[in-house]
Amino acid sequence: MQRAWSLVRETSLSPYTYDYDHAPLGWITLAGWVFPLPKQFETFGNAINTGRFLMLLVHVAAVYLLFEIARRLSGSVLAATVTSFLFNVSPIAVYFQRQVLLDNLMMLWLLLSLFMLLRREVTIRSVFGGGLALGVALITKENAIFFVPSFMYLLYRRVKGSASSRFTSTLWPFAAATPIGAYVTYALLKNELLPSGFDFDLNNPPADHVSLLYTLWWQLNRNQGTLFSHTGLLQTSWLVRDKFLLIAGVCAMVMCLWIGTRDRRRNLGFLIAGTLAFGYAFYLVRGSVVLDFYVTPLIPMFALCVGMITDRLLKGSFANRFMRGAHSLTRVAVPSFVAVLLLVSPASGYLVHTNTEGRTQIADQYQSKINLTGMQHAQIAWVRKHVPPNSRVIMDDDLWGELHDVRPFYPYAHSHWNASSDPDVRDKLFKKKWQNVDYIIMSNKMRKSMMTNNSDGRENWILQALRNSTRVWSETEGNIKLEIYRVQ
């Protein structure tokens, strides 16, 4: 939303130096959504809430696309229903799909591309549309590339033997490459495609200008501890939110791969579902830096695998009418029973859970008493009342629009990401000295994000400012905690 603000207010891709850390189509989409609204960024209260409303529309469209994809891959309404159910009510899905994430926008384009390739008749229009949607997904967020092998194989199978196979198999990559080519051309025209002297030394970043290819090389070489450690996100965040979908998803993915590889001709749907989930799962476990929300694209793929395996396990052929009738009833009754069990069992956390006092209550994702947006409003209200507008502030990205788009403006309020990496902010405004920080506005888990982003020591001076500060405001709801610190 910060970069969407920059597009709308300043007609630039970022209010800071755009360093190609992400392809820009995601926030271009957000800017296109905000621009025609009556109050623009404040239409739904603040910038984040305005973005969340778009995420609601994105989710509704994604549910339809995922339902149709599951139905076409499996030939079963039951598989599509189970897939959509899990995609809608899984706690980990609810948690991430309401957030303003590039991943959610990327998945919408990926699902649209898959939907186009699965049309009953493969036409030039569907092939071109599918390729173009994939290209748009890739310049919304680059990790869409881990789905590309499955898409390529699906295209090969769909056009194999057709009269136009050579043309369509060439048209699809051309359409996918078109948005990517526009992005590369932008960097080339700004002389920001290659680093100076063709130097890709990660210990000495380019000093005179940023570089698209250098940034990609840097991202490929980032690494962190294993995802499976006791302090990894798998244990501390993802399994905590939804053990059922993640464990069932892994098992279903393996079964889809096994069924699909045994008979690739007859079980194409299983092979595509399994490889889509496997490709992105590989991305998460390969050892690079993984943030909490990176799991978002895996959720619909796991739901797809579970839906297809559920339908497969309940399918069968029986010799007489009575057994066929009983089996039809079973195919409805068993998934319905599991769905009810997930919704009413406190252990699942889908609809109800057990709180810290041992009482059963509505799960946090549906708990109206936990007003997280109200907490943010209270935090901003305290800032506007007690913090002078010329203060030098370190914060998280979520408050950027509120402090820069609503009077009084806070021109020296910057996220810890930019304060630790952008030379203009880090070296000129703060001079990498904790003494030059006046306030630190802490969002939930911001401290953990700062530690994750500090593998090379870039946030040491900000963490030192935090150690030399006094907490002047805090509010807690459930396991969510917001704070404000005044640096001494």
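Me: Which side chain meets Asp 424 in a salt bridge, and at what N to O distance?

Reply: First, note that this is a predicted model. A salt bridge needs a Lys or Arg side-chain nitrogen within 4 Å of an Asp or Glu carboxyl oxygen. Here the partner is Lys 428, at 3.2 Å, N to O.

Me: How many residues apart are Asp 424 and Lys 428 in helix H19?

Reply: Four, so about one helical turn separates the two. H19 covers residues 423–429. Asp 424 is partly exposed at 39% relative accessible area. Lys 428 is exposed at 59%.

Me: Which strands hold Arg 471 and Glu 483?

Reply: Arg 471 and Glu 483 form a salt bridge, with the closest N and O atoms 3.1 Å apart. Arg 471 lies in strand E6 (residues 469–477) and Glu 483 in strand E7 (residues 480–487), so the pair ties together parts twelve residues apart in sequence. Arg 471 is partly exposed at 43%. Glu 483 counts as buried at 8% relative accessibility.

Me: How many salt bridges does a search of the whole structure find?

Reply: Eleven. Shared partners join Glu 68, Arg 71 and Arg 72 into one network.

Me: What is the angle between H3 and helix H6 where they pack?

Reply: Two packed helices are described by the angle between their axes and the distance between the axes. For H3 and H6 (residues 102–117), the angle is about 30 degrees and the axes are 9 Å apart. Angles under 35 degrees count as roughly parallel, so H3 is roughly parallel to H6. The crossing is left-handed.

Me: Which residues make the nonpolar surface patch of about 420 Å²?

Reply: Phe 44, Phe 53, Leu 56, Leu 57 and Val 60. Leu 56 sits in H3 (residues 47–74). Leu 56 counts as partly exposed, at 45% relative accessibility.

Definitions and conventions:
Residues are numbered from 1 along each chain as its sequence is written. This is a predicted model: local features need pLDDT of at least 70, side-chain atom pairs count only at pLDDT 80 or more; totals for chains, interfaces and linings use all residues. Side-chain values use heavy atoms; hydrogens and water are left out. Patches are made of residues with over 30% relative accessible area and no salt bridge: like charges are joined within 9 Å, nonpolar side chains (Val, Leu, Ile, Met, Phe, Trp, Tyr) within 5 Å. Accessible areas come from the Shrake-Rupley method with a 1.4 Å probe; for residues, only the protein chains shown count as cover. Buried means under 20% relative accessible area, exposed over 50%, partly exposed in between (1.4 Å probe, protein chains only). Axes are lines fitted to C-alpha atoms, for helices over the stretch in contact, and angles run from 0 to 180 degrees between N-to-C directions. Angles under 35 degrees count as roughly parallel, over 145 as roughly antiparallel, 65 to 115 as roughly perpendicular and the rest as oblique. A crossing is left-handed if the near helix is turned anticlockwise from the far one by less than a right angle, and right-handed if clockwise.
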